[in-house]
Amino acid sequence: MGIEHSFQPTICSWISLFLALLLIFGQCTLAQIRYSVPEEVRDGTVVGNVAKDLGLDVASLSDRQFRVAPGAKESIFEVNPDNGALFVHGRIDREQLCQGSGTCLMELKVLVENPLEVHYLVVEITDVNDHAPRFPKTNQTFEIGEQTLSGKRFQLHPAHDPDAGINSIRTYTLSANEHFEINIRQSDLGKIPFLELKKPLDREQSSKHSLLLTAVDGGKPPKSGTLNITINVLDINDNRPAFTQEVYHITVKENLERGNVIFKLNATDADEGINGEIEYSLGETLTQDVYLTFELNRVTGEIVTKGSIDFEKTEHYELDAEASDKGAPPLTGECRVIIKIIDVNDNSPEIDMTSLSNTVSEDSKRGTVISLISITDKDSGVNGKIIAHITNNVPFELKPSYKENTYSVVTKDFLDREQVFNYDITIKATDCGEPPLSTTKTLSIQILDVNDNSPQFEQNLLYFYIVENNVAGTSLFSVTAADKDKNENADVSYSIARTGQEKDVALFLNVNAENGQITALKSFDFETLKSFQFQVVASDSGTPSLSSNVTVHVFILDQNDNAPVILYPVSSNASAEGVEEIPRNVNAGYLVTKVRAYDADIGYNGWLLFSLQGVTDHSLFGLDRYTGQIRTLRSFTETDEAQHKLVILVKDNGNVSLSATATVLVKVVEPSEAFAASDVKSSTKDAEDTNVTFYLMITLASVSALFVISIIVLIAMQCSKSSTDYTSKYLQDTNYDGTLCHSIQYRSGDKRYMLVGPRMSVGSTIVPGSQANTLVLPDRRRPSEEVRDELKTIILTWFFV
């Protein structure tokens, strides 16, 4: 910081003021000192020593109240009364204190009293580079036509820098480019930048230019600000359409259909808008044949066939094409299109077929001739060379003859009419032209049948179920065999194989030779015969005749054709009547007697239920509907009658139930009489028991015989069991609990069936159509386990019986 001393002579006013102050205060000194300090210095920075420069005694400054006269700007500076130094007492911003770029001076008054002295100080605030140049906008856009001449100037936004002197804007610079440069005009307001065009613009090369203008001040280091300049180049029609080639050579095959695009011209115009829109046209000096054969799309430039193209008529065409833009005036470009026509193979081969026969026997040998074929082609040379073959996979082939393009169709493999009865042989003849043309022709051959297949049944073993008591002479079921041959070779007739034995069941059967309907000549009884088997033979009518047979297993299903038989009570005259005497003093629940009955049927048909049809006193006696036991319901009283008649109805559970009745006379006697009567009754009972024992022995013998038969049948079926395990097994099971019932189990395939009595198996299902007496039992056992379990069941059943 420098100090400048300046003593200036005063005018009369200053002299008058000095004299006045001298008279009033005693002494007054006029002096002016100049200091300089840069802006933005820190608080406490010493500007200068005023006391020293004014020659004041530093020791008396405090007593003399050494200070700066108060004011708005003077508050920025203060003096130190201890050492007389002038220092900064606030933030100094030159641009805020002094508007403009001139010298910034601040006048201060320093007062000293006793005696009063006023000293004037001038402090110059020097500028520092604390502001960068700044443009009023960050972007500026110009639209300049490409026809604008060089030297055209465009004014730019000037930048502003609050700093002064060397720190203010010194220059403008423009980013590197080949079309523009920067010019600066000096004015009272500062430097004004101009953008000057030094090279004409070309929109086709670049439609947009982006420049960067930089304003730089003179500070150290210098600061700068930028302005983005965008130049949009406006188009004019200064470019003519141009084709990619002056001459185009294209090739087109003859016989091309009308409307096909053979070539597409492409011209480009570097201009934009309507100046770049192109229309195509053919020249006006072409021959009429060209206009009739081709046309040019004005918009797309596609050359389209308009008429027929024939190589034999014209081998090539020459077209002059033009492309014009829509500018004002329009500009035009030209080109020539030379079209070469290529000859094509436009004649297909022709196939002439001479068929010896359209049928062949399926037992024909290989090499049998079926037909003769000759092939011709109107073309010549390579286009007339022919290659022929059979296209589909058939057991036939073409065999060349000694004469060119002559063939014979012969068999190459064995034929089987049952697999394929008709062949469509497709013969294809192709020439060697480019592209090759071909012709196909189909020869249909029918395969004649020979008797080489015997009739076949669907299964080796057939199983049928019939209901007993069938009407003799009615159809039971039918068997069917199919023969893959046709006509008389597939005409199947049926017959039953006879064994010649007297007890052969097949003697009671008849088969319809035409449809395989099996008819029974007698009625079957389930209680007598439960199953049988026979063989049916199917023969065709071919020469020689072929045949096959099938084993038919027939199972007879039970019907409810037997009424219950009362085993007890039975009187001497064989009527179902009995007399029972009971003491009068018996309690409730006393067993009076037990009605026993038997039904020859099985399953539900043999399941017997008991009910009271008539009773003298319903409050005295009760009947168990399953066991037939008659018990007292209460004790006897004096008022009860001495004799009671009970009528018991026994019926089975068939669809149409059958029944029988038994009568029991219950006599109520005194206890003493009952004991006496028991002795007499015992003898009678022995005789009745003898009868019952006789019946039981017959039943036991029957069951034993059925057991032995079941074992034999079971073993025989297991030995003849097929791979499908489609067998049937029987088991007779007799339960005796007041009712003699039968149950039969048999198996068919993977299902096990049971004709059950009173107690059904849990988890079983009723077989539809079995009159609700056949159950299907779930079975997941292995075959060996099934045989073992069935044998066990038979043994247990026999044991319990």
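User: Where does Asn405 lie?

Analyst: In this predicted model, Asn405 lies in the loop that runs between β29 (396–400) and β30 (406–411).

User: Why is Asn405 called buried?

Analyst: Its relative accessible area is 18%. Buried means under 20%, so Asn405 counts as buried. Beyond its neighbours within four places in sequence, Asn405 is in contact with Ile373, Ser374, Ile375 and Ile386.

User: What makes Thr230 buried or exposed?

Analyst: Thr230 has 18% relative accessibility. The cut-off for buried is under 20%, so Thr230 counts as buried. Thr230 is found in strand β15 (residues 224–234). Not counting residues up to four places away in sequence, Thr230 touches Gln140, Thr141, Phe142, Lys208 and His209.

User: Why is Gly589 called partly exposed?

Analyst: The relative accessibility of Gly589 is 35%. Buried needs under 20% and exposed over 50%, with partly exposed in between, so Gly589 counts as partly exposed. Gly589 lies in the loop between β43 (577–583) and β44.

User: Which residues is Gly589 in contact with, leaving aside its neighbours within four places in sequence?

Analyst: Gly589 is in contact with Arg631 and Thr632.

User: In what order do β44, β48 and β47 stand in their sheet?

Analyst: The three strands form an open sheet in the order β44-β48-β47, with antiparallel pairing.

User: What makes β44 and β47 edge strands?

Analyst: β44 (591–594) and β47 (621–623) each have a single partner strand, so one side of each is left without a neighbour in the sheet. From one strand to the next, the twist averages 20 degrees.

User: How do you know that β47 and β48 pair?

Analyst: Three bridges join β47 to strand β48 (residues 629–632), in the antiparallel sense. Pairing requires at least two bridges, so the three bridges here meet the requirement.

User: What joins β34 to β41?

Analyst: Seven bridges join β34 to β41, and the two strands run parallel. Ile466 stands opposite Ile556 in β41.

User: Why is β34 described as largely enclosed by the rest of the structure?

Analyst: Five of the seven residues of β34 are buried, so the strand is largely enclosed.

User: Which residues have the most contacts inside the largest nonpolar core?

Analyst: That core has 28 residues, and those with the most contacts inside it are Phe477, Tyr494, Leu509, Phe524, Phe534, Val536 and Val552. Among the elements that give two or more residues to this core are β34 (461–467), β35 (475–478) and β41 (547–557). A second, separate core has 27 residues, including Phe77, Val88, Ile92 and Cys104.

User: What is Val552 in contact with, leaving aside its neighbours within four places in sequence?

Analyst: The contacts of Val552 are Leu462, Phe464, Phe477, Val479, Phe532, Gln533, Phe534 and Val536.

User: How many aromatic pairs are there in the whole structure?

Analyst: A search of the whole structure finds 14.

User: Why is the pair of Phe294 and Tyr317 called edge-to-face?

Analyst: The ring centres of Phe294 and Tyr317 are 5.0 Å apart and their planes are at 80 degrees. A pair needs centres within 6.5 Å, and planes over 60 degrees apart count as edge-to-face, so this pair is edge-to-face. Phe294 lies in strand β21 (residues 294–296) and Tyr317 in strand β23 (residues 316–325), so the pair ties together parts that are 23 residues apart in sequence. Phe294 counts as buried at 1% relative accessibility, and Tyr317 is buried with a relative accessible area of 5%.

User: What makes the pair of Phe464 and Phe477 stacked?

Analyst: The ring centres of Phe464 and Phe477 are 4.0 Å apart and their planes are at 5 degrees. Planes under 30 degrees apart count as stacked, so this pair is stacked. The pair links distant parts of the chain, with Phe464 in strand β34 and Phe477 in strand β35, 13 residues apart. Phe464 is buried at a relative accessible area of 19%, and Phe477 is buried at 9%.

Key. Residues numbered from 1 in each chain as written. Predicted model: local features only at pLDDT ≥ 70, side-chain atom pairs only at ≥ 80, totals over all residues. Heavy atoms only, no water. Helix = DSSP H or I, 4+ residues; strand = E, 2+ residues; numbered from the N terminus. Axes fitted to C-alpha atoms, helices over the stretch in contact; angles between N-to-C directions. Core = buried A, V, L, I, M, F, W, Y, C linked by side-chain atoms within 4.5 Å. Buried < 20%, exposed > 50% of the residue type's maximum accessible area, 1.4 Å probe, protein only. Contact = heavy atoms within 4.5 Å. Phe/Tyr/Trp six-rings, centres within 6.5 Å; stacked < 30°, edge-to-face > 60°.
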